[in-house]
Amino acid sequence: MRKIIFITGATSGIGKASAHIFAKNEYDLIITGRRKERLLELSEKLKSTHKVDVLTLCFDVKNKEEVKMAVASLPDNWKKIDVLLNNAGLAVGFDKIQNGKIEDWEAMIDTNVKGLLYVSHEIIPLLIKNKKGHIINIGSTAAKTVYEKGNVYCASKFAVDALSKAMRIDLLEHGIKVTQVSPGATETEFSEVRFKGDINKAIDAYKGYKPLTANDIAPSIYYVANLPKNVCINELEITPLAQANSTSFFKEI
Ligand code: NDP
Ligand code: 8X3
């Protein structure tokens, strides 16, 4: 029987690259995000390239009613989810705490922390019912070392780190694996979102070194999801060669 992965934030970056690699390896996919056109386009691409089944769910992880309705709408044969990839997330703004905007803080906490919880709240009962499953949360190097102007984004990822550890403990009795994959600098739409569409600032974030791409991260996500039943990788931290942690880079500029 084919396996099913449920991916949040599949319209771009790490989520989209993960959709491709799981589809290539014959997983059926539930791909989600707010941008419907992109979901439909990706769905067509995956179906035609890999001959897999794809279901699209368009919702905002910040909205708990939307999340609840989306998961409730799944036909029974799509409820046997093997892997939940909690990937949807963002940084908004890059300011010192004293200059921070409350709406930016709320967007990050509501998406990265509360959104991940809303989705998990709806999917975990399905995994428990199926007596198996794997939750993969996308953390960050920002959850290990706080950096200047990272304040609330770092705090949101520290929360994800705590939740990954807590989920692993609480779900032990159900045989559900929990893995956190924590990337460093990865060139996706992340910086464009963080700098609110300022492309020059987004490009600057990757100046002087070779960042990761989403395609560098996705194979590791696939790898941790496909180990023998008795093996769980709890955490994987992945950085570009030129990055040791959130604050230590070797830049050739
Ligand atoms: P992208 O901006 O390329 O992708 C983010 C994805 O999240 C999009 O598909 C977006 O979809 C989705 N998303 C954002 N907000 C919401 C929302 N409210 N509801 C539903 N979906 C949402 O960035 P990345 O691929 O880089 O980011 C993926 C994850 O990786 C995030 O959790 C990020 O924090 C983390 N990360 C990124 C790093 C990097 O350097 N890029 C490093 C470490 C971690 P849509 O807009 O269609 O809703
Ligand atoms: C994203 C990586 O370094 O911009 O989580 O925080 S960083």
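This note describes the overall build of a predicted model and the setting of one residue, Asn87.

1. Basis. In this predicted model, local features need pLDDT of at least 70 and side-chain atom pairs count only at pLDDT 80 or more, while totals for chains, interfaces and linings use all residues. Residues are numbered from 1 along each chain as its sequence is written, and side-chain values use heavy atoms, with hydrogens and water left out.

2. Fold and dimensions. The protein chain holds 8 helices and 9 strands (DSSP runs of H or I with at least four residues, and of E with at least two, numbered from the N terminus). Its C-alpha trace spans about 50 × 40 × 35 Å along the principal axes.

3. Of the 253 residues, 49% count as buried, that is, under 20% relative accessible area with a 1.4 Å probe, protein chains only. Among contacts (heavy atoms within 4.5 Å) with a separation of 6 or more, 72% join residues 24 or more positions apart.

4. Charge. The protein chain carries 35 positive and 30 negative side chains, and the centres of the two sets lie 3 Å apart. Lys and Arg count as positive and Asp and Glu as negative, without His and the chain ends; the charge is placed at NZ of Lys, CZ of Arg, CG of Asp or CD of Glu.

5. Asn87. This residue lies in the loop between β4 (83–86) and α4 (102–130). Asn87 counts as buried because its relative accessibility is 12%. Beyond its neighbours within four places in sequence, Asn87 is in contact with Thr8, Gly9, Ile14, Gly15 and Ile138. Asn137 is 50 residues from Asn87 in sequence, yet their C-alpha atoms are 6.3 Å apart.

Technical notes
Chains are lettered from A and ligands numbered from 1 in the order in which they are written. Buried means under 20% relative accessible area, exposed over 50%, partly exposed in between (1.4 Å probe, protein chains only).
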